[in-house]
Amino acid sequence: MTQATENKRFFENLTGAGKAIAVLTSGGDAQGMNAAVRAVVRMGIYVGAKVYFIHEGYQGMVDGGDNIKEATWESVSSMLQVGGTVIGSARCKDFRGREGRLKAAYNLVQHGITNLCVIGGDGSLTGANLFREEWSGLLAELVDQGLIDNEAVERYSALHIVGMVGSIDNDFCGTDMTIGTDSALHRIIEVVDAIMTTAQSHQRTFVLEVMGRHCGYLALVSALACGADWVLIPEMPPEDGWEEKMCEKLSATRSRGSRLNIIIVAEGALDRHGKPITSSLVKDLVVRSLGFDTRVTILGHVQRGGTPSAFDRILASRMGVEAVMALLETTANTPAYVVSLCGNQSVRLPLMECVQMTQEVQKAMDEKRFEEAVKLRGRSFENNLKTYKLLAHRKPESELPVSNFNVAVLNVGAPAAGMNAAVRSAVRVGISEGHKMFAVNDGFEGFSKGQLREIKWADVGGWTGQGGSLLGTKRTLPAKHLDKIAEQISKNNINALLVIGGFEAIECLLQLFDARARFEEFCIPMCMLPATISNNVPGTDLSIGADTALNAIVETCDRIKQSASGTKRRVFIIETMGGYCGYLASVGGLAAGADAAYIYEEPFDIRDLQSNVEHLTDKMKTSIQRGLVLRNENSNDNYTTDFIYQLYSEEGRGVFDCRKNVLGHMQQGGAPSPFDRNFGTKIAAKAMQWITKKLGETYRQGRVFANTEDSVCLLGMRRRALVFQPVVQLKDETDFIHRIPKEQWWLKLRPLMKILAKYKTSFDVSDSGQLEHVLRKRPKDLDASTI
């Protein structure tokens, strides 16, 4: 399909000509709001609509005047990486009264605005829906007062609203994540990692208080991500007598050689009788009962600040574009929508259904129906809580089941941040299931040399925040060492394997499966967890390590672009890793605000390069000062990074100059992001439970014998579900020559990047979503969720 045909199809489907859209941020600020504002403005202008900023939230709408200004394409440049909200946010008492809403309606009519995009929490969105319901009555009142005429009433007869949830608490039902939550987790984990080093030095206990007056998501997920000893959240108050149990846990941890304790408290934590549990109360308890040197750190508004994470930029950009499309497709009979994230898809849900479900959670907590409150939070929250309890609280030896099974864990391929969190989780869950766990050093090469040892609960303490692979990892495939590996399996009586790695891990398991006919030692359950920054493993939408690499790319691109501030017009050519997979270049480009991203999956030629240069040249002649172009390392054999740099330098001469950067292995390094820590932790726990189940099914006559296809599986994330898939069945989905899946979900995000960079292209509409009903029965294999 030609570019012209794509343009024609797009504009036939969606046009905003003659429409006016206003965007506002309301309530508390959250990182990523600016990315959402930018997306709304650019998508609105792209489809031919007029777009307006409403400064200072609903207060600006009530006050009118200079608070309502028309936005331009350039007015949202350089705001993608800025935290908070540049158009301001305020809590408005005036808007709660009808008189204030009457003023707001008059101000919107004066600018011809009948489409409203509201970014805020459930209170802000509820207010917007009330405003929409009262709209016709407000217009009639304005006519009675002589402020507008009947023609204006007819022209602006309906107000359409679409909401996006901006809240660091992730307390809104209907979406997997709200804008700002991931960035807030980044701030918390940065502080926890820093505190852990000083706590170890002085053998201290630290009590950290995080935000979450009515929702414990931040506390729970940060506890899971850092391996905290204890966590207190409002949805699940501790049982009576928790003080003694907590002190026993802290004391036991110290007795096993740990030099620190971390306790995380949500600001809204309560006990079973509704009494607040404060950070100072917890500190006093620890000092009084154990005599430990204890400090309190209250993070406060640090959690709201800073640069938005890659995840929040992508989430907000997708939601912003989707919000505009929803506004343009709405009719007078369409209910108010909220744009939500379901797995890896943007969906539209009825706003008030989501608000009512959110209010049900608080009602359940008020009525002390805590188990129900946890379920109402959704599968992700429930799964996080179960996993935390499984990993944080070690059962006494006398209570552990005795399985007499030995399970080996190893890493394969290149290192990826989050591998260590997965190993820790696997070891601790395996021990809790009664298995003896073995750690293999240096992948299958180390396995063949007998480099394996038993690994205990305490051995993996503090592993969640460590980057790289503490077990060591190599790309060596087992084919050349099958006899030696079989010998080691027999010698150490290994009954199951957990392999954590990238594309090489798939190849390894396929080779071991094929070798079962010759070596009975390989007739054991095997499970693979995808872990690679390239995100090129078939059978899963996401891999451990990819999120950390994306954040590294985005942070570097921010710094590189900032280096050009105050200089003449400049374009940066950035090379990313990924092999033949363009995930990092494409999604990193969307998060960093790139003008183009060259990848193998989308072939390009010299005409495309020339078109991109001309496009950038046109932009540079306006007020745009900086350009960013990403190139995947194997996107084309001939159009190398050097070639593209030289082409841009020559063709842009006199308009802009060029610089190039090869990011290299810095994309593999660093501490894992909160997402990768939790993703690795949760899928490893689920994998070990699957292994336990398979060992029980295949244990016959004193031995384990598993030779079916479904005994060698990859555990991958498909949309919202964690699914076990036989690796043999993934062969047809895989391009083994280029080491990528034949179908990749993120390719549908590429038009989004092009639209926001002012290219004409087509863009598919989203799926409509369904509000998750917690009482709905779910297939057992799919009882998992996103992070």
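Which helix supplies the largest share of the lining of the largest cavity? The question was put to a predicted model. The answer is helix 11, with four residues.

A search of the whole structure returned three cavities of 30 Å³ or more. The largest cavity holds about 330 Å³ of space. Its lining comprises 23 residues. Closest to the centre of this cavity are Phe311, Gly343, Leu542, Phe675 and Trp745. At least two lining residues come from each of helix 11 (310-329), helix 19 (546-562), helix 20 (583-592) and helix 23 (674-698). By class, the lining has 15 nonpolar residues, four polar and four charged.

A helix pair was also examined. Two packed helices are described by the angle between their axes and the distance between the axes. For helix 7 (residues 181-202) and helix 8 (residues 217-226), the axes come within 10 Å. They cross at roughly 45 degrees. Angles of 65 to 115 degrees count as roughly perpendicular and those under 35 degrees as roughly parallel. Helix 7 and helix 8 are therefore oblique to each other. Their crossing is right-handed.

On the helix 7 side, the contact involves Thr181, Ala184, Leu185, Ile188, Ile189, Val192 and Met196. Helix 8 meets these residues with Tyr217, Leu218, Val221, Ser222, Ala225 and Cys226. The residues of this contact divide into 11 nonpolar and two polar, with no charged residue. The lining of the largest cavity, by contrast, includes four charged residues.

Key. Residues are numbered from 1 along each chain as its sequence is written. This is a predicted model: local features need pLDDT of at least 70, side-chain atom pairs count only at pLDDT 80 or more; totals for chains, interfaces and linings use all residues. Side-chain values use heavy atoms; hydrogens and water are left out. Axes are lines fitted to C-alpha atoms, for helices over the stretch in contact, and angles run from 0 to 180 degrees between N-to-C directions. Angles under 35 degrees count as roughly parallel, over 145 as roughly antiparallel, 65 to 115 as roughly perpendicular and the rest as oblique. A crossing is left-handed if the near helix is turned anticlockwise from the far one by less than a right angle, and right-handed if clockwise. Contact means heavy atoms within 4.5 Å. Ala, Val, Leu, Ile, Met, Phe, Trp, Tyr, Cys and Pro count as nonpolar, Asp, Glu, Lys and Arg as charged, and the others, Gly among them, as polar. On a 1 Å grid over the protein atoms alone, a cavity is a set of points where a 1.4 Å probe fits but cannot get out, and a pocket is an open set with protein on both sides within 12 Å along at least five of seven lines; lining residues have an atom within 4 Å of a point. Grid points are joined across faces, edges and corners, and a volume is the space filled by probe spheres set on the points.
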